[in-house]
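Subject: A structure for you to explore

Hi there,

Here is the structure I promised to pass on to you.

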Amino acid sequence: MSNNEVRIPKQKRSIEKKEAIIKASYTLFCERGYYKTNTAEIAKMAGVSTGIVYSYFQDKKDILIEVVKLYISRLNEQFQPILTFLDHERDLVLVITKFIDAAISSHQMNRDAHNEFLALALLNADIQNLFNVFEEEILSILFVKIKKSSSTTDELLLEKLRISYGIIENICHSYIFSKIRKDELEQMKTICISLIVELLQNP
């Protein structure tokens with residue numbers, strides 16, 4: 001199907017149908033996996049015909065892009081409270097602690113979704129780019145807020161934040177993939193907080 005055959009819904013009913021397709025795909029991709037799900041199954045769960053699916057999406061990969069965007073929007077919602085918290089909090093230890101907790105919560109939000117989309121990102125540059133953009137947006141916001149609150153002139157602050165984010169991601173993955181226990185998680189968090197504070201405070 002060519003690009004000009006794909007409709008952009010404008011009416012409320014059409015928008016709702018497209019959203020139903022995306023939500024149904026999200027559920028099925030998490031439950032069965034992207035490669036084991038076909039468009040007929042998506043259409044059935046969404047309560048529409050297969051033809052309707054193809055009127056809004058070129059193919060299953062096109063649907064996947066929208067599903068990952070939905071997942072990332074939910075991740076973003078998890079981080080918004082801590083980003084807002086940064087506007088009035090100056091205690092770096094407390095900020096880092098809350099950010100780690102938000103990161104762990106976001107990874108636990110839907111483990112099946114996280115595992116499926118993370119695996120797909122390794123194979124698909126478009127999916128990987130969506131996650132990269134999300135990460136860079138979070139880091140950019142952190143950079144602006146931390147720089148403003150501490151009046152730091154550290155030229156390497158963004159790079160330090162990127163390293164810190166990587167450390168936090170590693171802890172989250174170790175926990176959700178059951179590589180560490182709850183008590184070990186708390187120990188790792190303590191070490192992580194100490195490392196990040198040291199990294200950010202030293203020029």
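Below is a short tour of what was found, beginning with the overall layout and ending with a few single residues.

**The overall layout**

Please keep in mind that this is a predicted model. The protein chain has nine helices and zero strands, and its pattern along the sequence reads α-α-α-α-α-α-α-α-α. Taken along the principal axes, the C-alpha atoms fill a box of roughly 60 × 35 × 25 Å. The chain has 203 residues, and 43% of them count as buried. If you look at contacts between residues at least 6 apart in sequence, 71% of these join residues at least 24 apart.

Two packed helices are described by the angle between their axes and the distance between the axes.

Which residues make the contact? On the α1 side they are I22, K23, S25, Y26 and F29, and on the α4 side K60, I63, L64, E66, V67, L70, Y71 and R74. Sorted by class, this contact of α1 with α4 has eight nonpolar residues, one polar residue and four charged residues.

**Aromatic rings**

How many aromatic pairs does a search of the whole structure find? The search finds eight. One of them joins Y26 and F117: the ring centres are 6.1 Å apart and the planes are at 65°, so the pair is edge-to-face. Planes over 60 degrees apart are what count as edge-to-face. Y26 lies in helix α1 (residues 12–32) and F117 in helix α6 (residues 111–123), so this pair ties together parts that are 91 residues apart in sequence. Are Y26 and F117 buried or exposed? Both are buried.

Another pair is formed by Y34 and Y35, with 5.0 Å from centre to centre and 70° between the planes, and this pair is edge-to-face too. Y34 has 8% relative accessibility and counts as buried, whereas Y35 has 61% and counts as exposed.

Y26 also belongs to an aromatic cluster that it forms with Y71, F117 and F131.

**Charges over rings**

Two of the rings mentioned above have a charged side chain over them. The charged end of R74 sits over the ring of Y26, at 4.6 Å from the ring centre. K60 lies over the face of Y34, 4.4 Å from the centre of that ring.

- K160 is in helix α8, which spans residues 157–176. Its relative accessible area is 9%, and K160 is buried. Buried means under 20%. Not counting residues up to four places away in sequence, K160 touches D154, L199, L200, N202 and P203. K160 and T39 are 121 residues apart in sequence, and their C-alpha atoms are 43 Å apart in space.
- N115 is in helix α6. At 31% relative accessibility, N115 counts as partly exposed. Leaving aside neighbours within four places in sequence, N115 is in contact with I176 and F177. N115 and E66 are 49 residues apart in sequence and 17 Å apart in space, from C-alpha to C-alpha.
- K189 is in helix α9, residues 182–201. Is K189 buried or exposed? With 10% relative accessibility, K189 counts as buried. Its contacts, again leaving aside neighbours within four places in sequence, are I100, D101, I104 and I171.

Enjoy exploring, and write back with any questions!

Best wishes

Conventions: Residues numbered from 1 in each chain as written. Predicted model: local features only at pLDDT ≥ 70, side-chain atom pairs only at ≥ 80, totals over all residues. Heavy atoms only, no water. Phe/Tyr/Trp six-rings, centres within 6.5 Å; stacked < 30°, edge-to-face > 60°. Helix = DSSP H or I, 4+ residues; strand = E, 2+ residues; numbered from the N terminus. Buried < 20%, exposed > 50% of the residue type's maximum accessible area, 1.4 Å probe, protein only. Lys NZ or Arg CZ within 6 Å of the ring centre and 35° of its normal. Contact = heavy atoms within 4.5 Å. Nonpolar A, V, L, I, M, F, W, Y, C, P; charged D, E, K, R; others polar.
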